[in-house]
Amino acid sequence: MRITWIALLCLSLVGCGSEGGSNDATAETQSAQTFSWKLVTTWPKNFPGLGLAPEHFAENVERMSNGRLKIKVFGAGQLVPAFEVFDAVSQGTAEMGHGAAYYWQGKVPASAFFTAVPFGLNAQEMNAWLHYGGGLELWRELYEPFNLVPYAGGNTGVQMAGWFNREINSMADIKGLKMRIPGLGGEVFTRAGGMSVQRSGGEIYTSMQTGEIDAAEWVGPYNDLAFGFHQIAKYYYYPGWQEPGPTLELIINKQALESLPDDLQAIVESAARAANQNMLDEYTARNNAALIELVETHGVQVKKLPDDVLAELQRISIIVVDEMAAENPLAKRITDSMRAFAEQSKAYHGISEEAYYKARGQE
Ligand code: CA
């Protein structure tokens with residue numbers, strides 16, 4: 001018995017020793033290896049909020065990895081145009097991208113769900129669904145054929161409904177309006193009698209100024225002030241029914257991600273999670289001061305969309321989402337998952353967040 005035990009002990013020690021040695025050697029080789037990545041974005045370079053998220057992400061990754069993973073961030077048009085970010089990362093022209101999933105709905109219709117669903121989840125609920133409700137797994141399944149791994153890369157919170165040069169008093173006022181409004185919200189707007197057009201952020205001002213479009217939604221006071229939309233439109237409508245808690249995305253080329261050692265992959269994941277939360281914190285902190293400036297310094301008229309207009313837009317939204325779900329089995333699974341999550345969130349948030357807002361006296 002004793003001999004057998006000693007023999008086993010020796011064997012296991014020898015085993016551990018050689019295995020440990022080989023692991024150390026691998027770890028040493030890996031820790032000496034450095035990576036230089038390119039990150040392309042759909043935003044102007046260093047644009048407040050949206051464009052700063054990838055900058056913060058890259059700085060954090062470089063610090064946490066002690067310089068082993070360096071990421072150079074490119075604004076829209078510097079390496080590739082805004083709307084070519086998805087293809088550029090898919091094909092490996094750049095290792096990473098930052099943008100919004102609904103920009104790719106022409107190619108991948110269900111991508112729109114991962115930015116926002118009209119009258120759907122708010123920021124807190126989107127984050128919960130993605131990270132604890134199976135949302136991120138579905139998103140990864142959707143992007144798998146494109147060689148991309150998505151991460152949540154920011155959230156603006158509830159947006160504004162947008163900038164208009166005419167008052168919206170009824171559905172009739174939406175008829176014939178050409179508006180920059182992407183994603184599922186854009187589809188709803190078109191069904192409501194308007195016409196949605198796709199423009200990157202940097203193109204909106206000129207499109208509106210030249211009369212090519214009549215209206216535009218972008219984000220909210222902090223970002224819209226930065227673009228100067230108060231100079232080209234008079235009415236600023238709320239609430240952002242079309243984007244109640246839009247998620248921004250960080251996408252990574254699958255082979256590039258897999259080429260990283262495990263610790264760098266963990267750093268990327270943690271830095272993405274931090275960037276995701278940080279954006280919401282920044283918007284929450286800065287939106288109201290920007291709104292005050294828009295109203296008091298620039299004379300912007302802030303208006304609420306009429307309740308019957310919102311009710312009609314919500315009715316159309318349900319139809320649009322139903323039709324999307326019918327397109328293919330994965331779209332159906334995404335829709336079912338999101339809707340089930342929304343139901344349970346609504347149930348609890350009804351007696352927590354919503355009840356608290358009312359009790360606090362904001363309504
Ligand atoms: Ca928007």
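Is Tyr102 buried or exposed? In this predicted model, Tyr102 has a relative accessibility of 5% and therefore counts as buried, since the cut-off for that class is under 20%.

## Aromatic pairs

A pair of aromatic rings is described by two values, the distance of the centres and the angle of the planes. The structure contains 20 aromatic pairs. In one of them, the ring centres of Tyr102 and Tyr103 lie 5.3 Å apart and the planes meet at 50°, so this pair is tilted. Tyr103 is buried as well, with a relative accessible area of 6%.

Trp218 and Phe227 also make a tilted pair, with 5.4 Å from centre to centre and 50° between the planes. Trp218 and Phe227 are both buried.

## A charge over a ring

Arg140 places its charged end over the ring of Tyr151, at 4.5 Å from the ring centre.

## The sheet

Five strands form an open sheet with mixed pairing, in the order β2-β1-β3-β10-β4. The edges are β2 (69–74) and β4 (148–155); each has a single partner strand, so one side of each lacks a neighbour in the sheet. From one strand to the next, the twist averages 25°.

Six bridges join β1 (residues 35–41) to β2, and the two strands pair in the parallel sense. Val40 is found opposite Phe74 of β2.

## Helices on the sheet

Helix α10 (residues 262–296) packs on the sheet and touches β1, β2, β3 (96–99), β4 and β10. The direction of α10 makes about 30° with that of β4. Helix α5 (residues 135–143) lies across β4 and β10 (247–253), and runs at about 135° to β4.

Terms used. Residues are numbered from 1 along each chain as its sequence is written. This is a predicted model: local features need pLDDT of at least 70, side-chain atom pairs count only at pLDDT 80 or more; totals for chains, interfaces and linings use all residues. Side-chain values use heavy atoms; hydrogens and water are left out. Rings of Phe, Tyr and Trp (its six-membered ring) pair if their centres lie within 6.5 Å; planes under 30 degrees apart count as stacked, over 60 as edge-to-face and the rest as tilted. Buried means under 20% relative accessible area, exposed over 50%, partly exposed in between (1.4 Å probe, protein chains only). A charge sits over a ring if NZ of Lys or CZ of Arg is within 6 Å of the ring centre and within 35 degrees of the ring normal. Two strands pair if DSSP finds at least two bridges between them. Helices (H or I, at least four residues) and strands (E, at least two) are DSSP runs, numbered from the N terminus. Axes are lines fitted to C-alpha atoms, for helices over the stretch in contact, and angles run from 0 to 180 degrees between N-to-C directions. Contact means heavy atoms within 4.5 Å.
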